[in-house]
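Thanks for making time this morning.

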Number of protein chains: 2
Amino acid sequence: MNKKQRVVMIGSGNVATAVAMAAAPECEIVQIYSRTLAHARQLAERVNCPCVTDQLQHLASDADIYVIAVADDAIEPVIAQSQLNSGLWIHTSGSKPIDVFKGKRKHCGVMWPMQSFSKQLQVEFGEVPLFIEASTPEAHKALHCFASTLSHTVMEADSHRRARLHLASVFACNFSNHMYALAKEVLDEEQLPFDVLKPLIRTTVEKLEHLSPADSQTGPAARADHKVMDRQAAMLSGDKQAIYRLLSQSIMDHHHHDK
Amino acid sequence: MNKKQRVVMIGSGNVATAVAMAAAPECEIVQIYSRTLAHARQLAERVNCPCVTDQLQHLASDADIYVIAVADDAIEPVIAQSQLNSGLWIHTSGSKPIDVFKGKRKHCGVMWPMQSFSKQLQVEFGEVPLFIEASTPEAHKALHCFASTLSHTVMEADSHRRARLHLASVFACNFSNHMYALAKEVLDEEQLPFDVLKPLIRTTVEKLEHLSPADSQTGPAARADHKVMDRQAAMLSGDKQAIYRLLSQSIMDHHHHDK
């Protein structure tokens, strides 16, 4: 058996919390760093390790892995303010390239969990796809080993492909969720409960197990039913109407109508 | 025990099939009518009843309920071409009002299943919300009785509210599914597999059990991260770029940013 990987976690937000909680049973979490003492302390208590909130220069220097799980714009300042050492340095951003480490760290990488974490909903981390990229073979080996202790699904993605995956996830997750939010607004205007939509939403997702989303598309636009589309657009105003028209047109453009 | 309700099904598409299959164990399906003999026969065999494909005037005249489950534009011709009798006549359209029966039938109604049916995926009909509306107290009683044998969730919705529900379902189901289709296109360009998005899609839906969709919104637009949004929009073209910009703006407009 190898000895446990020693991990320093920089950050205390949703991603940092999810990664630290998933790593805690398998690794030794050496420190949690956060600019905000209360946040660092909260997470440190959950994973039973010390917290630090003073200068980044004073991080433990002998850990195996340094995980930078902070807001995108804070990644480069963290790298600049912390000390070079022999550890593997990784960040967890979907949209920042590995180049942010260029000239600053030799053994570095990215481990992007494709998931939307929130404090309110615990996610089974083992099910979260992790996309990894590393600067050197040694870095890759250490990162792959670390990622595999956290999730069943570890995949390679360089910064270019990771950016694509991130963009796709905006459509599949953020935008589909916004469709639910707009549906709720449509119902709220008539005091109708959002709950009635849930069986339909679940079926829409279940269909993806059997059909491609394009093949399972239904509704007025998929059948080019202009009467219904005009009637529905007329019930809307503002951004909801613009979205209705643009998405209906897009669905029609993606479907070839024989009839 | 009341005797079984006697049902004539007019139509043989996805909704007609789902309703007939759900009704078969509890009701007596008297006839399946379809303009296309092969379709009528196929469904009639599944529910073990005669099929008819000749003139609508020759439908059995003594059924309790006539279910018109055909395309929206075919509903009024069906009513015009069939004979008035003492049965309850209903249609199953989300967007057609009850008025289509005006002057043609006294006991009539609408039973709209809020679900997207397809041949490829069997839906547990008992879980499908049914929205009903009827012209008379007698019609309402018979329709409520019929609907309750099919589903656990029977709700009242007049034509105005049903139109709202239908519109909301377009956002929640058709448009969210189109977001999956666009996400798949983004991945296809790099030969990345759509399957990697499924855990994220499932979590997005699971969150709805705990939070309103607006409260669970995440992503670049929700945090007004213009750098990421500009970078992502630049990776797109055509309708995907227009959709990206419009939906991102809409998400920003719906979120009040304190920071």
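Let me first say that two residues are in contact here if their C-beta atoms, placed from the backbone, lie within 7 Å. This is a predicted model, in which local features need pLDDT of at least 70 and side-chain atom pairs count only at pLDDT 80 or more, while totals for chains, interfaces and linings use all residues. Residues are numbered from 1 along each chain as its sequence is written, and chains are lettered from A, with ligands numbered from 1, in the order in which they are written.

The contact takes 76 residues from chain A and 76 residues from chain B. On the side of chain A that touches chain B, the elements giving two or more residues are helices H5 (159-188), H6 (198-206), H7 (226-234) and H8 (238-254) of chain A, where helices are DSSP runs of H or I with at least four residues, numbered from the N terminus. H5(A) gives the most, with 24 residues.

Turning to one helix pair, the axes of H5(A) and H8(B), residues 238-254 of chain B, come within 11 Å and cross at roughly 55°, axes being lines fitted to C-alpha atoms over the stretch in contact and angles running from 0 to 180 degrees between N-to-C directions. H5(A) and H8(B) are therefore oblique to each other, that is, neither under 35 degrees (roughly parallel), nor over 145 (roughly antiparallel), nor 65 to 115 (roughly perpendicular). Here A:Phe175, A:His178 and A:Ala181 in H5(A) meet B:Leu247, B:Ser250, B:Ile251 and B:His254 in H8(B).
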